[in-house]
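Trainee: Please take one part of this model and go through it closely. I would like the local backbone and the packing around it.

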Amino acid sequence: MNSTDISVLMSVYNTEKYLVEAIESILNQSFNNFEFIIINDGSTDRSEDILRYYERKDKRIKLISRENRGLVLSLNEALDCASASLIARMDADDISLPQRFEEQIKYLKDNPDVVCVGTAQIIIDEDGDELTRLNVPTENSVIQKRLLEGHCPLEHPSVMFRTDAVKALGAYRKDCEAAEDYDLWLRLGEVGKLANINKPLIQYRYLSSSVSAANQTKQKESTKKACFDAWERRGVTGEYKANSEWRASQNRLSKLRFTLKFGWWAYNYQNRAAAIKYAKRAIRLAPWCIEAWKLLLLSIKQHGS
């Protein structure tokens, strides 16, 4: 390997609220031989001030700050700057747990046929409340099958992949924007094996804010394009099965469904305070919703026991 073992890539756009936690989680990794390439993609909040502070504080950080160009171009720019043989992705609102790099680099060293490895995640919300643990498939065959059905069993901010493999494929594709990670996993799966470590090594932040119908449509179209392109490249006939919403849309019913989903996640994860929070939000959205009242009463009962 090079003198630097890992290049960490992160694009930042107006994430001042969570940025310090994200950066600190990288700088405090148990494996510390890395460079941290950060693209400030035209932030208009205090993100740049925070990034400049950390750039002065830690020589591993390489900061590029410029006008907004979007996530795909930012990641490809960071990838062009990478000097290490392994790339670790990070998002500016998530948290990497301390052993993440250590475990992933060992996995890739022990499994040279694997080109990309992700991890399980602990889901947190905008307040940092833990909601649930999401387990992930670990076998290449299962991951590939899920990908070819339109699902994405590799979470982007959790992955570590081999630099040469990604650069040889042309990196992220702009014409699959909003599903650029999913498209990359499909293409990587054609040159090597994909894997997950079924151990939570990141805290993945789900925000309760809704997304526009246009963004939902764009992601679905990009996902379908990437999936259909993969079928054509591989000479297979597939069935696209990923038809559920990926985030709450702006209509009340969608917001209610996701609020209840987060609430039941928290309830089953034994985080009763978070469950109560989401039950109350659901009741504000739909005071007539029996399920919301049930979640509230069960959470209060358990919280007090």
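Mentor: Start with the loop between helix 6 (163-168) and helix 7 (180-188), where Ala171 lies. This is a predicted model. Phi of Ala171 is near 65 degrees, which is positive in a residue other than glycine. Ala171 has a relative accessible area of 9%, so it is buried.

Gln270 also has a positive phi, near 70 degrees, and is not a glycine. Gln270 sits in the loop between helix 9 and helix 10. Its relative accessible area is 57%, so Gln270 counts as exposed.

Helix 9 covers residues 252-268 and packs on helix 10 at about 160 degrees, with the axes 8 Å apart. Angles over 145 degrees count as roughly antiparallel, and helix 9 and helix 10 are therefore roughly antiparallel to each other. The crossing of helix 9 past helix 10 is left-handed. On the helix 9 side, the contact residues include Leu256, Leu260, Phe262 and Ala266. Helix 10 contributes, among them, Ala274, Ala275, Tyr278 and Leu285. By class, this contact has ten nonpolar, three polar and five charged residues.

Finish with Lys277, in helix 10 (residues 272-285). Lys277 has a relative accessible area of 18%. The cut-off for buried is under 20%, so Lys277 is buried. Leaving out residues up to four places away in sequence, Lys277 touches Asp125, Asp127 and Asp129. With Asp129 there is a side-chain to side-chain polar contact, at 2.7 Å.

How values were computed:
Residues are numbered from 1 along each chain as its sequence is written. This is a predicted model: local features need pLDDT of at least 70, side-chain atom pairs count only at pLDDT 80 or more; totals for chains, interfaces and linings use all residues. Side-chain values use heavy atoms; hydrogens and water are left out. Helices (H or I, at least four residues) and strands (E, at least two) are DSSP runs, numbered from the N terminus. Buried means under 20% relative accessible area, exposed over 50%, partly exposed in between (1.4 Å probe, protein chains only). A polar contact is a pair of N or O atoms within 3.5 Å; within protein, one must be able to donate a hydrogen and the other to accept it, and residues adjacent in sequence count only if both atoms are side-chain atoms. Contact means heavy atoms within 4.5 Å. Axes are lines fitted to C-alpha atoms, for helices over the stretch in contact, and angles run from 0 to 180 degrees between N-to-C directions. Angles under 35 degrees count as roughly parallel, over 145 as roughly antiparallel, 65 to 115 as roughly perpendicular and the rest as oblique. A crossing is left-handed if the near helix is turned anticlockwise from the far one by less than a right angle, and right-handed if clockwise. Ala, Val, Leu, Ile, Met, Phe, Trp, Tyr, Cys and Pro count as nonpolar, Asp, Glu, Lys and Arg as charged, and the others, Gly among them, as polar.
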